[in-house]
Amino acid sequence: MVVLPEEPTPIAKVPSTENKTGGWRTFRPRIIYEKCIRCYICWKFCPEPAIEFDSPDAHPAPKPALAKFDTVKINYDYCKGCGICANECPVNAIEMVLEESIEEEEAD
Amino acid sequence: MVKMILTGNESAAWGARLSRPKVIAAYPITPQTSIIETIAEFIANGEMDARYIRVESEHSAMAACIAAQNTGVRTFTATSAHGLTLMHELLIWASGARLPIVMSVVNRAMAPPWSVWTDQLDSMAQRDTGWMQIYTENNQEVLDSIIISYKVGEKHHILLPTMVMEDAFILSHTSEPVDVPEQKMVDDFLGEYEPAFKLDPDDPAGFGSLIMPEGPYMEFRYKMALAMDAAREEIRKVSQEFGEVFGRYYPGLVEEYRTEDADAIMLVLGTIGSTAKDVVDRMREKGKKVGLARVRYFRPFPFEEIREIAKKADMLGVVDRSYTFGYGANLYAETKSVLYGHSDVPVKNYVMGLGGRDITPEIVEKVFDDMLKIAREGQVDREIEWVGLHGDERWS
Amino acid sequence: MLPGHTACLGCGATIAMRYVLKALGKNTILSIPACCWAVIPGVYPHRTLDVPLLYTAFEVTGAAISGIREALNALGKEDVNVVGFAGDGGTADIGLQALSGAVERGHNIFYIMYDNEAYMNTGIQRSGSTPMGAWTTTTPGGKKRMYKWEPKKSVAEIMVAHNIPYVATATIAYPEDLIAKIKKAKEIKGPKFIQILSPCPTGWRHSPDKTVEISRLAVQTNMFPLYEVVNGTYRITVKPKNPKPIKEYLRLQGRFRHLTDEEIEMIQREVDKRWKELLKKERCSNED
């Protein structure tokens, strides 16, 4: 039986979050929380956006004054690994790691 | 109902006014300009409540109509010749986006050489754009067809745009008495515009996004084809409804005139129809059995009607006021195409009146005589003939 | 804006969209012509934006947003932001006529030109907005050094010449500046034009992690000055104290790799000239 779309013309309504673009990634950004000063510059410049906020106590703060601020985490479902966050981080708290080496690490 | 003396272009402007489009995008071109000038006066005088966008080209006129209609309002524009061909890309966009825009087209010849007189190549070149096309014969039909076109196009199982053609000068600048319906009656007939979809911040969606070959691109085109097919019945239905309300009954896709028992039937588009009807009467008085079929809608193409017409006569003569540089002009080629396998009646193409060349009753009578000869002999002398070329003694 | 879109790694135009929508909010309708952003939202039936989007033909953004605006006004929805979001090809080249018409008519619209300085969606062909000296696939260099030697067309200045109430340039490395400009424009009725320099790793031939850095260098070298023109009055919004040599901007990008020192010098002179002109415009337009 012929299957036709319901609408007369393409009307795109399904959120793109269905597409897990994390599969494109070659390098994975990894946040070094001991260094992270919670400035959110990485969040600001992420083109996906794949940087999300997490609770302040999700990770120990490098300085007590920072403990009240939200931490950030990377949503690897969508992060394509462009590295802007690592490049822009003012305290080098994000490192870019080759995906395969992480897989090896995890396998070990 | 008020009787007014209106040109074809004023009739088009009245047709638009009575249909209450909320956005008009307008760009001037001879011989269409007086349509948008008349509408500008309506709006300037507070007689018409519409946003009037004086765009910087016809291309932008159609783009603005598409965007406005997609935002959920009825729109109108008008153009001619080069303006229409400039729109080409967006005509395909409008139908693909399934927006029932209505546009007046004043049929004018294409350059070079420059000519502002009537010729139907401009709209014929748009036959594949997915628009409905109606060719009118008089100013009353111009006005009424605009109202009817909104009604047909806006049906949710149709959702296709329509261009309403009038022959340059012959209609556009010629005054005739026209019945202008009362606004209330048109309001009741058309109803408020109910878009099938629209841009709405409360319901975010992307209109017209990318589709890969494995996606439903072909299915959307098929839905358009089904809509165009369904439009045939809808046109017949709405024409009947229009007649019941306004007292003027339009005969659906094709108007037949004295085709019963005819030996030869002429198929035409546009104002040639009224000249030819007169000639038919005169020839009938002389005992010559000729008839006329004025094809009103070229899109959707009236294949059923034409197959029935072919059964009534021994010969069909197809008059085209344009030429497509393939084999025969469009009305001829498509007529033959739908008759193939259904009829063996001889069909001949008469190419006439290009660039506004006058189509006189005398020359129409000569064409009818040629048709009758073919009807008697049972075969065409030549399949395509250009009528009235300089120095051609056959037609002088 | 939602993740899951199909932009290239490190796409500057995507960051630009994030900021624009952040500044405008949900009560917004966008129209996008053929350009990278016609593809970035993904394949039907996917959408990546939380606002309605009308895709249009390449050259009609100006006309399309005119139509949306007037239709909304006719429906009494004057509060909805109407935004054209087009690339540099669709703005500086094929769409310039429709843009000119739209802003001249004075519709209450935003036109955002995200400037990645070439036809990137079709694969890096030269546009009128490609900067002097750049390699593209239609200015491929070769034995004759056929690069883009003509100066970049300044669409912002063309818009200023239309006497519209708001014109600005912005870039993604300065989000606060960009967002402030859009918010300011939001308070102004009439046509608003904002050109956002949006680095493109794929076309500019730079590493995707350098997108923001290059955007910043474009400003710090005066290659792409940030300014706004409110009713004809210029204001440079970011003034580098000690502008860096443009070499620092050029050397990060493969599209400029072929340039000789003399050629870089020539581009530097062009940049200096334009910067001086801009300073002059700022001075003169602020005089009584």
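## Chain C and its partners in a predicted model

Strand β6 (residues 166-171) and strand β8 (residues 226-230) of chain C run antiparallel, joined over three bridges; strands count as paired if DSSP finds at least two bridges between them. Helices (H or I, at least four residues) and strands (E, at least two) are DSSP runs, numbered from the N terminus.

This is a predicted model, in which local features need pLDDT of at least 70 and side-chain atom pairs count only at pLDDT 80 or more, while totals for chains, interfaces and linings use all residues. Residues are numbered from 1 along each chain as its sequence is written, and chains are lettered from A and ligands numbered from 1 in the order in which they are written.

- Axes are lines fitted to C-alpha atoms, for helices over the stretch in contact, and angles run from 0 to 180 degrees between N-to-C directions.
- Another helix, α11 (residues 261-286) of chain C, lies across β8 and β9 of chain C and runs at about 130° to β9(C).
- Follow the open sheet across its ten strands and you pass through three chains in the order β1(A)-β9(B)-β3(C)-β1(C)-β4(C)-β5(C)-β7(C)-β6(C)-β8(C)-β9(C), with mixed pairing.
- At the edges stand β1 (11-12) of chain A and β9 (233-238) of chain C; each has a single partner strand, so one side of each is left without a neighbour in the sheet.

**Chain C as a whole**

- Chain C has eleven helices and nine strands.
- Its radius of gyration is 18 Å, close to the 19 Å that the globule rule gives for 288 residues, so chain C is as compact as a globular protein of that length. The radius is taken over C-alpha atoms, and the rule is 2.2 Å times the number of residues to the power 0.38.
- Along the principal axes, the C-alpha atoms of chain C fill a box of roughly 60 × 55 × 30 Å.
- Of the 288 residues in chain C, 59% are buried. A residue is buried if 20 or more other C-beta atoms lie within 10 Å of its own, exposed if 12 or fewer, and partly exposed in between, with C-beta atoms placed from the backbone.
- Among contacts in chain C with a separation of 6 or more, 67% are between residues 24 or more positions apart.

**Where chain C meets chain B**

- This contact takes 38 residues from chain C and 37 residues from chain B.
- On the chain C side, β1 (28-32), α2 (36-39), β3 (53-55), α3 (61-74) and α5 (96-104) each give two or more residues, and α3(C) gives the most, with ten residues.
- By class, that side of chain C divides into 23 nonpolar, ten polar and five charged residues. Ala, Val, Leu, Ile, Met, Phe, Trp, Tyr, Cys and Pro count as nonpolar, Asp, Glu, Lys and Arg as charged, and the others, Gly among them, as polar.
- Strand β9 (residues 206-207) of chain B pairs with β3(C) in the parallel sense over two bridges, and C:L53 is the bridge partner of B:G206.

**Where chain C meets chain A**

- Here 26 residues from chain C and 26 residues from chain A take part.
- At least two residues of the chain C side come from each of α1 (12-24), β2 (46-47) and α9 (211-220) of chain C.
- The chain C side has 13 nonpolar, eight polar and five charged residues.
- Strand β2 (residues 14-15) of chain A and β2(C) pair in the parallel sense over two bridges, with C:R47 as the bridge partner of A:P15.

**A glycine in chain A**

- A:G22 sits in the loop between β2 and β3 (27-31) of chain A, and is buried, with 20 other C-beta atoms within 10 Å.
- Leaving aside neighbours within four places in sequence, A:G22 is in contact with A:Y76, A:D77, A:Y78 and A:C79.
- The C-alpha atoms of A:G22 and A:G81 are separated by 7.8 Å, although these residues are 59 residues apart along the chain.

Definitions and conventions:
Two residues are in contact if their C-beta atoms, placed from the backbone, lie within 7 Å.
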